[in-house]
Structures are given as C-alpha cells and as structure tokens.
Amino acid sequence: MPRIEINTRRLINGTLSFLALAAIIALFFAYRSHAQHFIPHNVPVSIRHLPYYAFCSFYRMLAAYIIALVFSIIYGMAAARGGLYERILIPAIDIAQSVPVVGFFPAAVFFFVALTHGSRLGVEMAAVFLIFTSQAWNMALGVYEAVKTIPDDSRECIETFGGRGWLKFKRLLLPASVPKLVYNSILSWVAGWYFLIACEIITAGPATYRLPGLGSFLWQASEKGRNFDLAAGLLTLLAIIVLMDMIVWQPLSTWAEKFKYEFAASSGAVQSLGMFDALSGVGPAVTRGLRMILVPPFRFMRRAIDALPRGPQLTPEQSKRVGNIVRSLIIGTIVFFTLWALARGFVALVRTLSQPWPDDAKQIPEAILLSTIRMTIAYAISLAWTVPCALAASENPRFNRILSPIAEIVGSMPATALFPIIVAAFIEFTGGMNVASIVLILTGMQWYLLFNLLAGINQVPEDLKEAARAFGLSRVARWRKLILPAVAPSLITGSITAWGGGWNALILSEYFVYNDQTHQVLGIGALLDAATYGKGNNGVMILLSLLSMIAVVLLLNRLMWRPLYNLATERYRLDY
C-alpha cells in the first residue's frame with residue numbers, strides 16, 4: 001500500500017478546488033428559477049412512433065459522442081503533460097464524473113433551456129449536454145492513462161528524430177490512445193444508453209419536459225405498466241445496439257489492434273466474430289461515401305480563401321508579437337470570466353447556505369456512510385466477476401471475442417427501464433430495498449471495470465505472453481507475474497470510473513417511485529432525489545447533498561485512488 005503524504009500545499013489545493021466547484025454549483029442553482037418555463041410536450045406511448053423515437057435518441061447520442069470524443073482527446077492529452085495541468089485537470093474530472101446527472105440539470109436548464117425560452121431546441125441541447133456528461137469523463141481518463149503509460153523508449157525515439165508538436169501527436173500520442181479510445185467509446189455508448197431516460201426527461205422544479213425518444217418512451221411504458229410496449233422499446237434499442245456493434249465497434253476493435261505495443265512477430269490482429277465479418281466492410285464504405293460528399297466542398301472553400309487578395313505580409317517578429325497579443329487577450333478574457341463567475345458563485349454559495357437548513361440535513365452524514373457501504377459491496381461484487389472474466393479472456397482469444405460484444409449489448413440495455421421489475425422482485429424476496437439498491441448500483445458500476453480490464457488485457461504484447469509460456473510458467477503464475485501487473489493501471493482507471501458510475505446510479509437506486517408508491521432507503525442518493533423531484537424542490541438540500549458527495553469523492557480520490565494509480569503507472573509500465 002503506498003504511503004500517503006498529506007502536506008499543507010496539497011491540503012490548500014484540495015480545499016480551494018472544493019470551494020471553487022461549490023461556488024460554480026451554487027451559481028447554477030442561483031439562476032435555475034429563470035428557466036422554469038418549459039413549453040409542455042407529451043410523448044405518446046405508441047409502437048408506431050418507435051422508429052422516430054429511435055432516430056431521435058440516436059442523433060442525440062451521436063452528437064454527444066462527437067463532442068465527448070473531441071473533448072476527451074484535448075483534455076486527456078493536456079492532463080498527461082503533468083505538472084500544473086495534471087494537478088488541476090485530473091481532480092476536476094474525478095469530481096465531474098462523480099457528480100450525478102441530476103447535478104448537471106441546473107447548468108443544462110439555465111444555459112440551454114433559458115436561452116431558447118423553453119422551446120424544444122433548448123431542451124434538445126440540454127439533453128445532448130447531459131448525455132455528454134455520461135460519456136466524456138471515462139474517455140478523457142482513458143486518453144490520460146494511455147499517454148501516461150507510453151514506454152519511455154518510444155518517447156525518446158521520436159524526440160531523437162525531431163518529433164515535436166503536431167508530428168509527435170500524430171505519430172505517437174494519438175496512436176497510443178486509439179485502443180483505449182475504442183474500448184472507452186463502447187463504454188461511453190453503454191453509459192449513454194444507461195442514462196438515456198434521465199437525459200430525455202428534463203425536470204426543473206415543478207416543470208417537466210419529455211423529449212421524444214426511446215428513453216422517455218421506455219420510462220412511460222414502464223411507469224404505466226404497459227409491458228408489451230416496454231418489450232417493443234427494448235427490442236428496438238437492442239436492434240440499434242447490435243447494428244452499432246456489427247457496423248462500427250467490431251471493425252474498430254479489429255483496427256485498434258494495429259496500435260498495440262509489439263516487439264516481435266505477432267500472431268495477427270484479433271478477428272471479429274464470424275457473423276460480423278460479412279458486415280465489417282460497411283464502416284469503411286460509409287467513411288468513403290462521407291469523404292466523397294464532404295471533401296469537395298472543403299477543397300472549394302480552401303481554393304476560394306486562397307484566391308482572396310492578400311494583405312501586407314508580416315515579418316516573423318511582427319507575427320510573433322501579434323500572436324503574443326492575441327494569446328494574452330484570450331487568456332486574460334478567460335481569467336477575467338473565471339474570476340467573475342467564481343466571485344458570483346461564492347456570493348450565491350454564502351447566500352444559499354445562510355438560508356435555514358431543512359431537518360433532513362441532519363441525516364447527511366449517516367446517509368453518506370450507508371451509501372458508501374452499498375457502493376463498496378457493489379464494487380466488491382463487480383471485482384469478483386470482472387477480474388476472472390478478464391483473466392479468462394487473456395488466455396482464450398475466442399472467449400475474448402465473444403465477451404466484448406455480449407457485454408456491450410447487455411450493458412447498453414437501460415437497466416433504469418427494468419428497475420420496476422428488479423425492485424418488485426427483490427422487495428418480494430428480501431422484504432426491503434437494501435439488496436435491490438445494491439443490485440441497481442451494480443448495474444451502473446460493473447461495465448466500467450469490465451471494459452477497462454478488457455482494454456488492458458488487449459494491450460499486453462503477445463511476445464510477453466509467448467515468453468511466459470516458453471519459460472514454462474503455469475497459468476496462475478502468468479496471471480500473477482504478467483497479466484495482473486500489466487492491467488493494474490487499467491484496473492485503477494476502471495475502478496475510478498466505476499465509482500463515478502456508482503455515484504450516478506445512487507440517484508436511481510435509493511429512491512424509486514412506481515405506481516404512485518415510493519420505495520427508498522436512507523442514503524445520499526435518496527436525499528438528493530427527494531430534494532430534486534419531491535414537493536417543494538428544496539434547493540438548499542440539493543446543494544448540501546451534492547457538496548457532501550463531492551467532498552467524499554475528493555477524499556477518496558486524494559487518499560486512495562490517485563496514490564494507487566501513481567503506484568501502478570510507475571511500477572507496471574511496459575518499458576524495454
């Protein structure tokens with residue numbers, strides 16, 4: 001276990017990070033009343049509308065994913081530079097991924113819904129933003145881990161040959177991130193489908209807006225007990241997931257095998273399942289079609305720009321001076337806006353916390369403790385089956401090829417739509433919500449662990465596996481000496497994102513309303529859910545619950561996950 005050092009500088013940085021985030025959240029809540037004017041919209045529960053609902057959900061997922069992909073590459077690369085970037089960006093993303101989707105509702109409502117006066121366009125943008133928050137964080141952490149674990153000899157080699165800036169990014173950093181990006185992209189789609197219901201039903205106080213989509217359709221079908229419509233919606237979602245796997249993820253997973261670190265002749269890229277081979281060319285064909293459509297207009301625009309009359313050419317010194325001025329203006333604007341927002345946020349924070357606290361606030365410490373216990377049990381169960389599956393996948397390539405698409409399909413099914421069945425079953429057999437709550441948390445944690453472990457397994461070079469077999473090591477010895485150390489960084493990254501997914505799942509697992517009957521257990525998720533969706537929409541209680549959760553996440557990350565991650569990356573990097 002790594003030695004934990006808590007110095008004054010680290011304590012001050014952590015306190016300032018917490019206060020800054022608290023101020024930003026308080027600022028969002030201070031302005032949430034300006035956006036509670038939704039234009040009502042109902043989503044009819046009818047099977048004939050399912051194709052349209054499927055299209056709506058898919059384009060929201062796709063838009064959010066494209067934004068998350070660009071964000072994760074920029075953010076992960078910046079954090080991997082180390083120094084001040086790492087000290088600021090990594091704690092920020094650790095906190096952001098642990099803030100439940102409902103915690104981003106004020107931002108979504110204020111910035112998007114108020115912007116369009118409650119019209120559907122603003123709600124669509126809010127939904128895309130909420131889906132983005134369920135997709136981006138694990139992708140950014142995957143890029144960060146991939147760049148941080150690049151072997152030193154690879155860095156030294158490209159720098160020796162003059163690889164800097166864009167060339168280093170293109171030839172080393174981005175290719176090294178491809179396997180992690182592919183697996184975390186699959187995981188991001190899984191998470192997006194999981195939280196689709198929460199993202200398509202936007203609530204601000206007493207006002208609710210239901211967007212047309214599979215999420216809102218499944219929720220209303222489940223709420224009304226229309227099992228046939230629920231089954232039809234789930235089958236439609238299953239069809240989309242299978243098509244995505246056949247057309248996109250399987251070819252991408254095979255292509256990502258090119259970017260593994262190999263130092264000997266490899267046995268070749270892992271092939272996809274037989275039924276996917278016939279369709280593996282669809283993805284490249286679509287890419288070629290898009291290139292034929294999009295490239296000519298871009299070429300025309302570039303030629304038109306080149307044909308414009310040129311102004312006086314600047315000397316290198318003048319260009320450098322202009323660049324410095326522009327950079328200073330941009331940085332100054334960002335700093336000024338940030339300081340202004342923080343100042344307003346601190347005022348809003350003090351004003352909100354100075355209001356009378358509700359009686360439920362006394363339950364927060366006990367609720368945090370009980371929620372953490374449930375999270376720990378769910379995490380232990382997740383480890384108990386994902387680690388053996390990953391080890392089996394490392395020994396059996398066929399099992400590895402089968403496990404990934406099955407996990408993607410099962411993990412993408414929105415468990416939230418099945419919560420009424422799960423809750424009813426466990427309450428009937430156990431007589432309470434505690435076991436049901438742990439099972440529901442498990443649905444939000446386990447896939448983060450599994451996909452990160454599979455990504456780590458597929459990154460282990462084949463020559464190392466062959467060397468271990470050549471030395472006559474037993475299967476258990478290979479696991480202990482090679483596989484487990486090699487996937488340690490992926491295991492820690494998966495654990496961090498799994499706990500983030502677990503904190504999100506708390507909102508859905510500790511407080512559940514079905515057939516006008518509330519099922520709940522004491523926990524921070526139940527308190528936050530009751531304050532958000534209950535009568536009165538208690539803003540003080542929402543803020544207190546969120547800040548309590550963020551404080552716990554900060555402590556866990558600083559005292560456990562970050563030291564463990566640093567230890568894993570230092571001791572188990574693949575250097576030759």
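Because the model is predicted, local features need pLDDT of at least 70 and side-chain atom pairs count only at pLDDT 80 or more, whereas totals for chains, interfaces and linings use all residues. Residues are numbered from 1 along each chain as its sequence is written, and side-chain values use heavy atoms, with hydrogens and water left out.

The protein holds 21 helices and four strands, where helices (H or I, at least four residues) and strands (E, at least two) are DSSP runs numbered from the N terminus. Of its 576 residues, 51% count as buried, a term that means under 20% relative accessible area, with exposed set at over 50% and partly exposed in between (1.4 Å probe, protein chains only). Among contacts (heavy atoms within 4.5 Å) between residues at least 6 apart in sequence, 81% join residues at least 24 apart.

The axes of helix 7 (residues 165-194) and helix 17 (residues 434-459) come within 9 Å and cross at roughly 165 degrees; axes here are lines fitted to C-alpha atoms, for helices over the stretch in contact, and angles run from 0 to 180 degrees between N-to-C directions. Helix 7 and helix 17 are therefore roughly antiparallel to each other, given that angles under 35 degrees count as roughly parallel, over 145 as roughly antiparallel, 65 to 115 as roughly perpendicular and the rest as oblique. Helix 7 passes helix 17 in a right-handed crossing, where right-handed means that the near helix is turned clockwise from the far one by less than a right angle, and left-handed that it is turned anticlockwise. Residues making this contact include Tyr183, Leu187 and Tyr194 of helix 7 and Trp447, Phe451 and Leu454 of helix 17. By class, the contact of helix 7 with helix 17 has 13 nonpolar, seven polar and one charged residues (Ala, Val, Leu, Ile, Met, Phe, Trp, Tyr, Cys and Pro count as nonpolar, Asp, Glu, Lys and Arg as charged, and the others, Gly among them, as polar).

Helix 7 also packs with helix 2 (residues 50-79), at an angle of about 145 degrees and with the axes 10 Å apart, and this crossing is right-handed. Among the residues that meet are Ser57, Phe58 and Tyr65 in helix 2 and Trp189, Gly192 and Trp193 in helix 7; the contact divides into 13 nonpolar, five polar and no charged residues. Ser57 is buried, with a relative accessible area of 0%, and, not counting residues up to four places away in sequence, Ser57 touches Trp193, Leu196, Glu200, Gly213, Leu214 and Gly215.

A nonpolar core is a set of buried Ala, Val, Leu, Ile, Met, Phe, Trp, Tyr and Cys residues joined through side-chain atoms within 4.5 Å. Of the 108 residues in the largest such core, Trp193, Leu214, Ile364, Phe451 and Trp503 touch the most other members, and the largest share, 13 residues, comes from helix 7. Apart from this core lies another, of 10 residues, among them Leu453 and Ile483.

Two further places complete the tour. In helix 10 (residues 227-256), Asp229 is buried, with a relative accessible area of 7%, and touches Val45, Ile47, Phe217 and Ala221, not counting residues up to four places away in sequence. In helix 18 (residues 462-470), the buried residues are Glu462, Asp463, Lys465 and Ala468, and what covers them includes helix 14 (364-395), helix 17 and helix 19 (475-509). Just after helix 18, Gly472 takes a positive phi of about 75 degrees.
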